[in-house]
Amino acid sequence: MKYKVSEVAQINARNLTKKDQPVVIKYLDTSNLTEGLIKNITILDSRKDKIPSRAKRKVKENDILISTVRPEQKHYGFISKEYEDLIVSTGFAVLTPNTEIVDPYYFYKYLTMDSIIKYLQVIAENSTSAYPSITPNVIGELVIDLPDITIQKRIGRFLRNIDKKIELNYQIITNLEQLAQALFKHWFIDFEFPNENGEPYKSSGGKMVQSELGEIPEGWEIKSLDTIAHYENGLAMQKYRPDNEKESLPVLKIRELNQGYVDSRSDRCTKNIKESVKVYDGDVIFSWSGTLLVKIWFGGEAGLNQHLFKVTSKYYPKWFYYLWTKHYLERFINIASDKATTMGHIRRADLSDAKVFVPPDHLLKNFNKVFSPILDMIIIKGIEERKLSRLRDELLPKLLSGEIELPDESEVTEHV
């Protein structure tokens, strides 16, 4: 049956008032939720913190969040039980499904299909507001064709299982990144790497010598960032348009690096570009202009656009130059923000000015035994996450349109 969204869900039904505002709130802004993944929750104490005026929407389990500003940025998500105490921004439309008519997760995946998001974006771009935006009523007027509730639930469970696996991989990658960076700081900045007896080197009396940057462990060297790695700048890909789609690659720009994948909106370039500016899964990419980012790429083969570096090294392991580049990212961001231009950037001279502590070969080999498996697992999980995402995105419209039908669980059990 066909329904308007407003007929099967309440929109923005629960709002926080000053009277019922708790002392401490867990706040989620639109920028910290992308494609169902929550990146950060801000804990605010009203006794000492200023509570944002946008912190007004109350949510509960099974609610659906869709940003009303720039829909194409995909700031949407689903509220599971662990997040039902959140207060979210008024930048979200909060939909509370009627579970007697619609399965919440089926409903969520339907409303966040690419075709729906593109439709909302077209309306947003024709709005008269300062930013491309829609009103909650636009979502409420969408018409959805719902199959039987049992079919909805079957599809909802299937899609939720895939999304849970994607989210688990994301959490594993995040935890491994945090572990690698904490360990890197402990060993390469604080010099508390394990000595021959497994004790922290510096605090256990390890020999330190004077250098241009202060005391460093005996036997260590100081080099610049651009001597431990090669920073290959991308091409102005508008000059390398493909002759046909089959002989082309998606172009990796800052937008793609930020979201972690290419999509139908990504530009294309010819495959006939030099190998050094072709990007593959596991490559380290550094956006040095505009939005400064250092990331490991998991989005498949692509052509590297200008304003991004592909970082490689003939002599040092990937984790070494990746973590050192990441270590200097905040400094590079500060340098770029001081530029009197519309798009802040760093220069190659800034790479030369960034100094790196290099251990002797025998220590680097020992460190490699610890760091290399961490980075390998990050890459494995990242590639797996993108493959699952592609599979889900390919299946989604087919499942929701009824083109593909999932077997009933009882039918599957009978044949096991």
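Reader: Which residues form a nonpolar patch on the surface with about 240 Å² of accessible area together?

Author: This is a predicted model, in which local features need pLDDT of at least 70, side-chain atom pairs count only at pLDDT 80 or more, and totals for chains, interfaces and linings use all residues. Residues are numbered from 1 along each chain as its sequence is written, and side-chain values use heavy atoms, without hydrogens and water. A nonpolar patch joins Val, Leu, Ile, Met, Phe, Trp or Tyr side chains within 5 Å, each residue having over 30% relative accessible area and no salt bridge (a Lys or Arg side-chain nitrogen within 4 Å of an Asp or Glu carboxyl oxygen). With areas taken by the Shrake-Rupley method with a 1.4 Å probe, the patch consists of V23, V24 and I43.

Reader: Is N12 buried or exposed?

Author: N12 is found in the loop between β2 and β3, strands being DSSP runs of E of at least two residues and helices runs of H or I of at least four. Buried means under 20% relative accessible area, exposed over 50%, and partly exposed in between. Because its relative accessibility is 15%, N12 counts as buried.

Reader: How is α2 oriented relative to α11?

Author: Helix α2 (residues 104-111) packs with helix α11 (residues 361-401) at about 110 degrees, their axes 10 Å apart. The axes are lines fitted to C-alpha atoms over the stretch in contact, with angles from 0 to 180 degrees between N-to-C directions. Angles of 65 to 115 degrees count as roughly perpendicular, so α2 is to α11 roughly perpendicular.

Conventions
Patch = residues over 30% accessible without salt bridge, like charges linked within 9 Å, V, L, I, M, F, W, Y side chains within 5 Å. Buried < 20%, exposed > 50% of the residue type's maximum accessible area, 1.4 Å probe, protein only. Parallel < 35°, antiparallel > 145°, perpendicular 65-115°, else oblique.
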